[in-house]
Amino acid sequence: MLPIQLNPSLGIPIYRQIMDAIRGLIASGTLKPGDKLPSLRELASQLRINPSSAVKAYSELQHAGVISLDQGRGTFVSQKPGLALQSRQNILENDLRALLLKAQSLGFDAREIARAMQSVEKTLKGGRRNKPPKE
């Protein structure tokens, strides 16, 4: 059973959330090259989703070389070197994309977003990682 949490209210398609979650599990080392993944039917049942979302997620991950399908044996995490770094980069880009879309929907322009990023970066460099920025 994969530890995947889905949130339909994020505005991110379910198949994309599955892809990001699997990439995150690979990047964190929870899933390692060669690990077997649940079948499409098992994944859909586990997550209580439409099987077509599971099919699309696996198809996209296979196309990207993240997973491989071995007919008759199952689906496995790819043996491709550098996968963890690629997965971490993809996760970062997807998280930034979601954050920027949210900031833009709140009416912030590029300059305001950059200023906020610099402010957060200074806070993190100061060692106050757990304290939210003052408003």
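A salt bridge is counted where a side-chain nitrogen of Lys or Arg lies within 4 Å of a carboxyl oxygen of Asp or Glu. By this criterion the side chains of K125 and E121 meet in a salt bridge, at 3.6 Å from N to O. The structure is a predicted model, in which local features need pLDDT of at least 70 and side-chain atom pairs count only at pLDDT 80 or more, whereas totals for chains, interfaces and linings use all residues. Residues are numbered from 1 along each chain as its sequence is written, and side-chain values use heavy atoms, with hydrogens and water left out.

**Overall architecture**

- The protein has five helices and three strands, which are DSSP runs numbered from the N terminus (helices: H or I, at least four residues; strands: E, at least two).
- Along the sequence, these elements follow the pattern α-β-α-α-β-β-α-α.
- Of the 135 residues, 28% count as buried; buried means under 20% relative accessible area, exposed over 50%, and partly exposed in between (1.4 Å probe, protein chains only).

**Salt bridges**

- The structure holds two salt bridges.
- K125 and E121 both belong to helix 5 and stand four residues apart, about one turn of the helix.
- K125 counts as exposed at 66% relative accessibility, while E121 is partly exposed at 41%.
- R73 pairs with D70 in a salt bridge whose closest N and O atoms are 2.8 Å apart.
- R73 is exposed, with a relative accessible area of 52%, and D70 is partly exposed, with 29%.

**Largest pocket**

- A pocket is defined on a 1 Å grid over the protein atoms alone, as an open set of points where a 1.4 Å probe fits, with protein on both sides within 12 Å along at least five of seven lines; lining residues have an atom within 4 Å of a point.
- The largest pocket holds about 310 Å³ of space, a volume being the space filled by probe spheres set on grid points that are joined across faces, edges and corners.
- Its lining consists of L99, L100, K102, A103, F108, E112, I113, A116, M117 and V120.
- Helix 4 and helix 5 (110-125) each supply at least two residues of this lining, and helix 5 gives the most, with five.
- By class, the lining has eight nonpolar, no polar and two charged residues (nonpolar: Ala, Val, Leu, Ile, Met, Phe, Trp, Tyr, Cys and Pro; charged: Asp, Glu, Lys and Arg; polar: the others, Gly among them).

**Second largest pocket**

- The second largest pocket has a volume of about 220 Å³.
- Of the 15 residues that line the second largest pocket, L40, Y58, L69, G74 and T75 are the closest to its centre.
- Strand 1 (36-37), helix 2 (40-47), helix 3 (51-63), strand 2 (67-70) and strand 3 (74-77) each contribute at least two residues to this lining.
- Helix 3 gives the most to the lining, with four residues.
- The lining divides into seven nonpolar, six polar and two charged residues.

**Nonpolar surface patch**

- L92, L96, L99 and M117 make a nonpolar surface patch of about 350 Å²; such a patch joins nonpolar side chains (Val, Leu, Ile, Met, Phe, Trp, Tyr) within 5 Å, from residues with over 30% relative accessible area and no salt bridge.
- Accessible areas come from the Shrake-Rupley method with a 1.4 Å probe, and for residues only the protein chains shown count as cover.
- Helix 4 (residues 83-105) gives the most to the patch, with three residues.
- L92 lies in helix 4 and is partly exposed, with a relative accessible area of 45%.

Methods:
Patches are made of residues with over 30% relative accessible area and no salt bridge: like charges are joined within 9 Å, nonpolar side chains (Val, Leu, Ile, Met, Phe, Trp, Tyr) within 5 Å.
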